[in-house]
Amino acid sequence: MRDDPRDPRLPTSPGFWRSPLRGPWFTSVLGLVLLAGITVLFVTGLLSYAAYNPDLSPVNDKTPDKGILGFYLFAWPTDPHWLYRLNQGVHVTLGITLIPVLLAKLWSVVPRLFALPPARSLAHALERISLLLLVGGGLFEFVTGVLNVQLDYVFPGSFYPLHFYGAWVFFAAFVAHALLKTPTALRSVRRLREEKSDLVSPRPAEPTVSRRGALWFVGGGSLLLFVTTVGQNFGGPLRRTALLAPHGGGEPGSGPNGFQINKTAAYVGIDSAEAAEDAWRLVVTGRTGTVRLSRARLAELPLYSSALPIACVEGWSTPDQWWRGVRLRDLAALVGYEDDPPDVFVESLQRHGAFRKAALRANQVADPRSLLALYVNGEDLSPDHGHPARIIVPAAPGVLNTKWVARMTFGDL
């Protein structure tokens, strides 16, 4: 005998879901918070992708088949110098902070995922499909984002295309859902009395907490995640509060080179003999040919200083560090670009891994704060910070600030 979907022992029955917290008001409040928060997440995510200048060079483009999804891309600016630090700090910290809200929202509407029949009409079928895309896409984006922040690369492929394409699918479903539900949500929030809804249990259990109390609980969870994450965007005592961030806690060392890094020289396989000052040479190629420069020769060129942070896609950043080295525009001038510094293709001593090669736009090369740095905070770069030389560019993602630079090729890319 076939089970009766109205049997209260089955999740297909409205009577199975007995929490008295579920209802239009509770769901609507959570939905409006997510409406604002996810919109900010989507915009900052697109800006983060644009910061890589993926339309400049194939080495910067981790989603080469994006087609029209790259319609908005633009040349990433160098001002203000903290732009990427702010953008990615907001993106990652807000995403983590919204996790309790997302989970509470999914819990509040879970009866609808089991409702029968699956489709009462074409419009209802489209709504159910958009709901599945919304729930699946939301979980996918938040899970992959958190795994990336925690440096757990367990994806069945590269994080970049998975997160990028997933974001567009999720946000398309999110927009469709918001257009359908926002007017109803606003009405539900304004009303003092609960209206009838399939979210309200026909046989509710005794309440143990009010709906406002539940919202305070969700908000407290979000506040806890915020407090234990946001400190990774700063230095000093605040970084120690970022207990849930892989780059939180104290600085990894002391002294001028004691600030945060992502990957060590040993991790990426840098050969110490190849990076030694008596063996290493920087190869610079351009309009008039190629020059080879030792570190000692670079140190004899005019040196300039810039106070710039390092900001990473995982959401962590450093305070401004005091870098000193040769301006990129001056290196371009050595190979025939005195007045019009072009794009540059930078290659590292690093043999494997993403972004061992990277491209920078002409506006980044031309900025007087953009350096091939030899020193930081008054001392030589340490091996983990890119000795013998590294790129540092204002407002650029950390991976474009190539460490252990071996070759620079100037010209249109």
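Me: Where is leucine 106 placed?

Reply: Leucine 106 is in helix α3, which covers residues 99–113. Keep in mind that this is a predicted model.

Me: And which residues does leucine 106 touch, leaving out those up to four places away in sequence?

Reply: Val135 and Leu139. There's a C-alpha distance too: leucine 106 and glycine 138 are separated by 9.8 Å, and they sit 32 residues apart along the chain.

Me: Switching to the surface. Which residues form the nonpolar patch?

Reply: Leu122, Leu126, Ile129, Leu133 and Val169. Together they have about 500 Å² of accessible area.

Me: Which helix gives the most to that patch?

Reply: Helix α4, residues 122–149, with four residues. Leucine 126 has its place in α4.

Me: Why does leucine 126 count as exposed?

Reply: Because its relative accessibility is 52%, and the cut-off for exposed is over 50%.

Me: OK, glutamine 232 next. Buried or exposed?

Reply: Glutamine 232 counts as buried, because its relative accessibility is 1%. Its place is in the loop between α6 (211–227) and β1 (282–286).

Me: What does glutamine 232 touch there, not counting residues up to four places away in sequence?

Reply: The contacts are Val92, Arg239, Ala242, Ala245, His247, Glu314, Gly315, Trp316 and Ser317.

Me: Now the sheet. In what order do the strands run?

Reply: The order is β2-β1-β10-β5-β6, five strands in an open sheet with mixed pairing. At the edges are β2 (289–293) and β6 (357–360), each pairing on one side only. From one strand to the next, the twist averages 15°.

Me: In what sense do β5 and β10 pair, parallel or antiparallel?

Reply: Antiparallel, over five bridges; β5 spans residues 344–348 and β10 spans 405–410.

Me: Which residue in β10 stands opposite glutamate 347?

Reply: Arginine 407. The side chains of glutamate 347 and arginine 407 also meet in a salt bridge, at 4.0 Å from N to O. Glutamate 347 lies in β5 and arginine 407 in β10, so this pair ties together parts 60 residues apart in sequence.

Me: That one needs the cut-off, I guess. What is it?

Reply: A salt bridge needs the side-chain nitrogen within 4 Å of a carboxyl oxygen, and this pair is listed at 4.0 Å.

Me: How accessible is arginine 407?

Reply: Arginine 407 is partly exposed, with a relative accessible area of 33%.

Me: How many salt bridges does the structure hold?

Reply: There are 13. One of them joins the side chains of aspartate 61 and lysine 66, at 2.8 Å from N to O.

Me: Are aspartate 61 and lysine 66 buried or exposed?

Reply: Both aspartate 61 and lysine 66 are buried.

Me: What about aspartate 340, which side chain does it meet in a salt bridge?

Reply: Arginine 287, at 3.4 Å from N to O. Aspartate 340 lies in the loop between α8 (328–334) and β5, while arginine 287 is in the loop between β1 and β2, so the pair ties together parts that are 53 residues apart in sequence. With 42% relative accessibility, aspartate 340 counts as partly exposed.

Technical notes: Residues are numbered from 1 along each chain as its sequence is written. This is a predicted model: local features need pLDDT of at least 70, side-chain atom pairs count only at pLDDT 80 or more; totals for chains, interfaces and linings use all residues. Side-chain values use heavy atoms; hydrogens and water are left out. Two strands pair if DSSP finds at least two bridges between them. Helices (H or I, at least four residues) and strands (E, at least two) are DSSP runs, numbered from the N terminus. Axes are lines fitted to C-alpha atoms, for helices over the stretch in contact, and angles run from 0 to 180 degrees between N-to-C directions. Patches are made of residues with over 30% relative accessible area and no salt bridge: like charges are joined within 9 Å, nonpolar side chains (Val, Leu, Ile, Met, Phe, Trp, Tyr) within 5 Å. Accessible areas come from the Shrake-Rupley method with a 1.4 Å probe; for residues, only the protein chains shown count as cover. Buried means under 20% relative accessible area, exposed over 50%, partly exposed in between (1.4 Å probe, protein chains only). Contact means heavy atoms within 4.5 Å.
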